[in-house]
Amino acid sequence: MHYLNRMRNTPEQIAALKDKDDGKPVHMVNLLSFKEKAVYEDSRETTLTGYEAYGLYGEVVSRLITERGGKIMFSAAVAGMVVGEVENVWDAVAIAEYPSFDSFLDMISSQEWLAAEEHRTAGLSGQLNIATKSS
């Protein structure tokens, strides 16, 4: 299996998901890998770990999700692999529910989310964000 561990979505990814949006709830599965020490894009000095920096982002995002009618369904540290093998195991998994894909897009285009994103990129060494729909 080949995957690209990126920090930001592409316009093509958003367009493809918009085409599939039926206005029903969407669950975002987040696979997270943290930097040992946070590294900010503006080169500021910090004593934060990657996990702590991501926590600052998470505080804001949790509130933004709730304000849009969504909720954090699950969040936990990864204990280890049970089936399969990967080169690097993710550090944490989180699942957020949004009322619709549009509510997710509204959140990630808000000024508050854009301001908090600096903590996300400072703290994460990588992330996969998977949109899922109930069948």
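A: Let us begin with a definition: helices and strands are DSSP runs, numbered from the N terminus. The model shown here is predicted. Val86, for instance, is found in the loop between strand S2 (71-77) and strand S3 (92-98).

Q: How many helices and strands does the chain have, and in what order do the elements run?
A: The chain has four helices and four strands. Read from the N terminus, their order is α-β-α-β-β-α-α-β.

Q: What does the radius of gyration say about the chain?
A: The value is set against that of a compact globule, which for 135 residues would be near 14 Å; the chain has 15 Å, which agrees. The C-alpha trace spans about 40 × 40 × 25 Å along its principal axes.

Q: How is a residue classed as buried or exposed?
A: Under 20% relative accessible area a residue is buried, over 50% it is exposed, and in between it is partly exposed. By this reading, 36% of the 135 residues count as buried. Ala94, which is found in strand S3, has 15% relative accessibility and therefore counts as buried. Val86, at 44%, is partly exposed.

Q: Which residues make the nonpolar surface patch?
A: Met81, Val86 and Val89 make a patch of about 230 Å².

Q: How is a pair of aromatic rings described?
A: A pair of aromatic rings is described by the distance of the centres and the angle of the planes. In the whole structure, a search finds six aromatic pairs. In one of them, the ring centres of Tyr54 and Tyr57 are 5.2 Å apart and the planes stand at 50°, so the pair is tilted.

Q: Where do Tyr54 and Tyr57 lie in the chain, and are they buried or exposed?
A: Both belong to helix H2 (residues 50-67), where they are three residues apart and therefore separated by about one helical turn. Tyr54 is buried, with a relative accessible area of 15%, and Tyr57 is buried as well, at 7%.

Q: Which residues do ring pairs link into a cluster?
A: The cluster consists of Phe34, Tyr51, Tyr54, Tyr57 and Trp113. A ring may also have a charge over its face: Arg44 lies over Tyr40, at 4.1 Å from the ring centre.

Q: Which residue forms a salt bridge with Asp106?
A: The partner is Arg68, with the closest N and O atoms 2.7 Å apart. Here too the pair links distant parts of the chain: Asp106 is in helix H3 (residues 101-108) and Arg68 is in the loop between H2 and S2, 38 residues apart. Asp106 is partly exposed, with a relative accessible area of 41%.

How values were computed: Residues are numbered from 1 along each chain as its sequence is written. This is a predicted model: local features need pLDDT of at least 70, side-chain atom pairs count only at pLDDT 80 or more; totals for chains, interfaces and linings use all residues. Side-chain values use heavy atoms; hydrogens and water are left out. Patches are made of residues with over 30% relative accessible area and no salt bridge: like charges are joined within 9 Å, nonpolar side chains (Val, Leu, Ile, Met, Phe, Trp, Tyr) within 5 Å. Accessible areas come from the Shrake-Rupley method with a 1.4 Å probe; for residues, only the protein chains shown count as cover. A salt bridge is a side-chain nitrogen of Lys or Arg within 4 Å of a carboxyl oxygen of Asp or Glu. Helices (H or I, at least four residues) and strands (E, at least two) are DSSP runs, numbered from the N terminus. Buried means under 20% relative accessible area, exposed over 50%, partly exposed in between (1.4 Å probe, protein chains only). Rings of Phe, Tyr and Trp (its six-membered ring) pair if their centres lie within 6.5 Å; planes under 30 degrees apart count as stacked, over 60 as edge-to-face and the rest as tilted. A charge sits over a ring if NZ of Lys or CZ of Arg is within 6 Å of the ring centre and within 35 degrees of the ring normal. The radius of gyration is taken over C-alpha atoms; the globule rule is 2.2 Å times the number of residues to the power 0.38.
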